Number of protein chains: 2
Amino acid sequence: MAYQILDKGSIPEYLNGLPSVVEVLGKGKALDIEEVGDGNLNFVYKIRRADAPERSVVLKQAVPYLRMAGEEWPLSRDRMTFEIRALLAYNDLVPQFVPKVYHSDEDMSVLVMQNLDNHAVARYRMIEGEVFPNMARDVGDFLAETLFRTSTLGMESVERRHLMQQFNLNDELCKLTEEFIFTFPYMEHESNYSNPATDEYARATIRKNTAYKLDILKFKELFLTKTDALLHADLHTGSLMANAEETFVIDMEFAYFGPFGFDVGKVIANFLMCYTSHFYHSDDDSYQNWLLTEAMTIWKRFEQRFLELWDNADGSALLLEGFLTDDQLKEYKANFMRAIFHDSVGFCACSLARRTLGIAGVADIRDIEDLGIRSQLEITNLKLSQLLLSVHEEIHTIDELESTIESFYAENNPGLVKQKVGT
Amino acid sequence: MAYQILDKGSIPEYLNGLPSVVEVLGKGKALDIEEVGDGNLNFVYKIRRADAPERSVVLKQAVPYLRMAGEEWPLSRDRMTFEIRALLAYNDLVPQFVPKVYHSDEDMSVLVMQNLDNHAVARYRMIEGEVFPNMARDVGDFLAETLFRTSTLGMESVERRHLMQQFNLNDELCKLTEEFIFTFPYMEHESNYSNPATDEYARATIRKNTAYKLDILKFKELFLTKTDALLHADLHTGSLMANAEETFVIDMEFAYFGPFGFDVGKVIANFLMCYTSHFYHSDDDSYQNWLLTEAMTIWKRFEQRFLELWDNADGSALLLEGFLTDDQLKEYKANFMRAIFHDSVGFCACSLARRTLGIAGVADIRDIEDLGIRSQLEITNLKLSQLLLSVHEEIHTIDELESTIESFYAENNPGLVKQKVGT
């Protein structure tokens, strides 16, 4: 149907015309409609049946401008087109980890989907030290299922090119990634965040470190030109909604075919930045220990599940049955997983730096008011970024990565707990 | 206009309705129409004005079946869609090296273009030992212009994704490449060419050589997932039309975004296979010396021109002005060109093997009647393929490559000239 902006007045009639939504809410029932404030780009409504509030949906609509800035800040509605396509693809690939789609309409830029009422955005709970027992395992599974099953190992080549075609023109959001993750943070740029001591450190180190910058370019080049699999492309602890049992992945408007390691590295980086922040948020290292274990679990689970899927795959574009002997295949798989591992560590390093120096920080650290404390944490992240980028091709196993990070934090504890106690 | 198959009867009226063609041929003039036999897939006509035969065009039309096999062998007309798009792109990028397009119609699967009357297909002339003084230089320039200017170094990112979108669904022909270049020749497969001594050698060596097969898979994976630039994707001496002055590139229906080294390696491989064949075709090594020099010139010219274009580029998706210092940029360029070089050597090795073992051979060797002689040349190609694949990451300069190939041929001269003399 032709585009029109929905509001509380027009939503009931719109939903009443959608049989798949009527199945959830009932027909012609009185609805409670609440606009949810957490959509910066889009309008998001929680809609409940007045006489049975457990029957509910979420409606998300893109407007042709930036919602938080108003109509003077135009922004293409295409972002919702790609979110719809990715969420529909994920409803097929990993229905257990994404909101169920009840209705979608690219022309209307509308998604009507499952209301995740019993789940919280992980990032804010993690700042408070909440443990999510299954989240890392679920994220590892999500990564394996989505990446393997859209790769040349998991799909036949013609079918795969048709899926790629659906995402190839997500160009505006790809350009944001290219610039805000892989370019601006490593140079002087007006868009960057600023904190004097952090800036000074960045100028004295990573912004003039040739090896570091050439590695950043290597990963930018990979993002621009490697189409390993359908990426979520914005997977961080703020796009996870979880509770003690379940984990859901949301907000896939950046979805695009890119390199395997991108989603993996990014989400691990967000666990590590949370780790860094708990030098301030926690009084001891118990939550940090949990975070590191879980970050490693993401990779372990990803690798295990990816290899399981490989064992059971048929219809692969890359590997024809019988092309390799069993021994050759074993060696190939080991090389393949190691290459993904190296790239994941590299992308993790990029994410640590860009979330520290670039416009989009993580609340884990940016929400700390004291600039001096914040800066100590930021510099810790930048040191870790440099360490990981410099060794990303030299460490080959998740255990080596874990001990590298453990030693790093042991040597780079900014001692903030004492400082908090002292003030 | 809606699809209809053209023939000698309907072509005059069709062309009369196209102002851009009338400009070449004149309006309503009597035309001599000759169907050219060399189109296996498509119908190709040379059309001349009867009273002024120097005024001529070529009309190429795809039919929904394989022309050489007839209507019982259906084949999608999409191949012409991608040839049209690539030739139009090349008319912008490298008008000096491709036929000028007078008219194109994707619905009609028709191209009307410049008649290359004074140029010959290079392959057949090279078998006869003809020297084309400018061809290698032109091919190097063609490669540099087309690859650089469609890469992330030569285009802005949004514009580039829109260009990619035009070629992403060239899926049938990509699948042919995946299977016939990167899969079947390295295993037992019914589609393969067969020559007993060659088969025996292949079975005893490359088909059970783990390192070799894993390298082949590496290059297959790159072809499937790396979108460095718009490739011709079928660049060999049979898709070059040349004379003493000029070089034209034709037949770009395989065009697709793929890895830099693919076109470069493939065309060099065809020079080398011609070199191998001249152990039989020539009585001395003078033409072989020319071939090797020219094959190296392709790379040298490609690299030189690619770097010139880089020096003068603006609007790059990959490299923002000011991101690197001059020294850093120098190092980055050296690494970048070396990576293309390694990949080119690798793709060259793939091409040597698949043209020897796969269904599509090169006339340089396949047209030799004596199976025994043919087999000696084929085994020479397979040995060179193995050598180049095993060293593709160890040799870093074109001079190293040249001396590697020179030594190889010195040690692997099959001594056929004597044999010819002896029989």
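How far apart should the ends of the 16 residues of helix H3 of chain A be at 1.5 Å a residue, and what is the distance between its end C-alpha atoms? Keep that in mind as you open this predicted model.

**Stop 1: helix H3 of chain A**

Select residues 78-93 of chain A. At 1.5 Å a residue, H3(A) should span 22 Å. Its end C-alpha atoms are 23 Å apart, which agrees.

Now show the side chains. The buried residues of H3(A) include A:Met80, A:Thr81, A:Phe82 and A:Glu83. Continue along the helix to A:Ile84, A:Arg85, A:Ala86 and A:Leu87, which are buried too. A:Ala89 and A:Tyr90 are also on the buried list.

**Stop 2: the S4–S5 hairpin of chain A**

Go to residues 65-66 of chain A, strand S4. S4(A) pairs with S5(A) in the antiparallel sense, over 2 bridges. The two strands form a hairpin, with 3 residues between them. Pick A:Leu66: its bridge partner in S5(A) is A:Gly70.

Is S5(A) buried or in the open? Select residues 70-74 of chain A. Of these 5 residues, the number buried is 0, so the strand lies largely in the open.

**Stop 3: two positive phi values**

Select A:Ala233, in the loop between S9 and strand S10 (240-242) of chain A. A:Ala233 is not a glycine, yet its phi is positive, at about 75°. A:Ala233 has 24 C-beta neighbours inside 10 Å, so it counts as buried.

Switch to chain B and pick B:Asp251. This residue is in the loop between strand S11 (247-249) and strand S12 (256-258) of chain B. Phi of B:Asp251 is also positive, near 60°, and this residue is not a glycine either. B:Asp251 is buried, with 22 other C-beta atoms within 10 Å.

**Stop 4: where the chains touch**

Show both chains. The contact takes 35 residues from chain A and 35 residues from chain B. Which helices of chain B each supply at least two residues to its side? Colour helix H6 (157-167), helix H7 (171-180), helix H9 (210-225) and helix H12 (326-357) of chain B. H9(B) gives the most, with 8 residues. Colour by residue class to finish: the side of chain B that touches chain A divides into 14 nonpolar, 11 polar and 10 charged residues.

Note on methods: Residues numbered from 1 in each chain as written. Chains lettered and ligands numbered in written order. Predicted model: local features only at pLDDT ≥ 70, side-chain atom pairs only at ≥ 80, totals over all residues. Contact = placed C-beta atoms within 7 Å. Helix = DSSP H or I, 4+ residues; strand = E, 2+ residues; numbered from the N terminus. Nonpolar A, V, L, I, M, F, W, Y, C, P; charged D, E, K, R; others polar. Buried ≥ 20, exposed ≤ 12 C-beta atoms within 10 Å, placed from the backbone. Pairing = 2+ DSSP bridges. Expected span 1.5 Å × (residues − 1).
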